[in-house]
Amino acid sequence: MVDLYGVKIDLQTLPVLPAALNKLIEVSSDKDLSNKEIAKIISLDSGITAKILSIANSALFGGVVPIIDLNTAVTRLGRNDVKTVAMTIYISQVLKKFTLSNIVIDKFWKHSLSVAFLARKIINFYDYKNEISEEELNYLYLSALMHDLGYIILDILAPTKFKEFIIHSKNYNISLFQAEQEIFQTSHSEEAAKLFRYWNLPDPIIEIMKHHHRPTLTKPQLRNLSNIIHVADHLTNLFGYEIFEDFPHEPVQSSIYNQFNFLDNSNSEENIFDDLKNQTELFLSFSELALSV
Ligand SMILES: [Fe+2]
Ligand SMILES: [Fe+2]
């Protein structure tokens, strides 16, 4: 049993993470892992293997010779990309297992994908980018991809209250985060942390996700990563990929935002944002295609 939002949930009724994803997370720090070994882990799930092959053969990565085995797919896509693609597919499959009342799953998924994509992109503008390891990059991507999963838990466990919380935010013109505290006396990030623990996800993934609205509460050694998700979340909403449209968001914390250099000598912040927005749009339309194969 796991206690989510004060409700004891039978573990059997919760979706589990695919074994291959757990294995992929486990080995994410191993730089010596061969392409063959990565392919072996991914092949634990045959449905996902087929999708990866189809992505590797798609116009974006396609060569003249069709790819029929995973080893070649890993080589063609690149080790890091293949891991990212696999993780994305795993999470999208987990999401499909939930039945929701107030959340439009397509919007939720676009928001999550955009935050994960932008989290990786905006590292280039971050003052402390050199302090981030490859293992942390994997943690960052997964954590960003699942940062708002707690909304889904609350919508499943208390759909009527969920509706009330959204209306409360609008009626009092307060941020969703504040409205959530007032109606639920908890937050989506608190509740998701419990689910992540049940899923046995590594502590850094839980810690980074748990504090994405309040990065200063993150353990100092992981605060960098929470800061990145915090700003990626802000940009995602700014670019129009909100889970709930036209609701007041909390402003981005300026002390964190100022650690990013979104302008340089040759480019204005506006140009950089336009470029990031276009890249996000491209990424989302590609993901939509790739995930529907
Ligand atoms: Fe959030
Ligand atoms: Fe978010």
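In which helix is L284 found? In this predicted model, L284 lies in helix α15, which covers residues 269-291. L284 has 18 C-beta neighbours inside 10 Å. A buried residue needs 20 or more, and an exposed one has 12 or fewer. L284 therefore counts as partly exposed. Neighbours within four places in sequence can be set aside. L284 is then in contact with K110, L113 and S114. L284 and P220 are separated by 64 residues in sequence, and their C-alpha atoms are 32 Å apart.

The overall fold was examined next. The protein chain contains 15 helices and two strands. For 293 residues, a compact globule would have a radius of gyration near 19 Å. The protein chain has 19 Å, so the value agrees with that of a compact globule. Along the principal axes, the C-alpha atoms fill a box of roughly 60 × 55 × 35 Å. Of the 293 residues in the protein chain, 38% are buried. Contacts were also sorted by sequence separation. Among those between residues at least 6 apart in sequence, 67% join residues at least 24 apart.

One pair of helices was examined in detail. Helix α7 spans residues 134-145, and helix α13 spans residues 223-238. Their axes come within 10 Å and cross at roughly 40 degrees. An angle under 35 degrees would count as roughly parallel, and one from 65 to 115 as roughly perpendicular. The two helices are therefore oblique to each other. The crossing of α7 past α13 is right-handed. On the α7 side, the contact involves E136, Y139, L140, S143 and A144. On the α13 side, these residues meet L225, I228, I229 and A232. By class, the contact of α7 with α13 has seven nonpolar residues, one polar and one charged.

N173 is not a glycine, yet it has a positive phi of about 50 degrees. N173 sits in the loop between α9 (159-171) and α10 (176-184). There are 9 other C-beta atoms within 10 Å of N173, so this residue is exposed. N200 also has a positive phi, of about 60 degrees, although N200 is not a glycine. The loop that holds N200 runs between α11 (188-198) and α12 (203-210). N200 is exposed because it has 10 other C-beta atoms within 10 Å.

Notes: Residues are numbered from 1 along each chain as its sequence is written. Chains are lettered from A and ligands numbered from 1 in the order in which they are written. This is a predicted model: local features need pLDDT of at least 70, side-chain atom pairs count only at pLDDT 80 or more; totals for chains, interfaces and linings use all residues. Axes are lines fitted to C-alpha atoms, for helices over the stretch in contact, and angles run from 0 to 180 degrees between N-to-C directions. Helices (H or I, at least four residues) and strands (E, at least two) are DSSP runs, numbered from the N terminus. Angles under 35 degrees count as roughly parallel, over 145 as roughly antiparallel, 65 to 115 as roughly perpendicular and the rest as oblique. A crossing is left-handed if the near helix is turned anticlockwise from the far one by less than a right angle, and right-handed if clockwise. Two residues are in contact if their C-beta atoms, placed from the backbone, lie within 7 Å. Ala, Val, Leu, Ile, Met, Phe, Trp, Tyr, Cys and Pro count as nonpolar, Asp, Glu, Lys and Arg as charged, and the others, Gly among them, as polar. The radius of gyration is taken over C-alpha atoms; the globule rule is 2.2 Å times the number of residues to the power 0.38.
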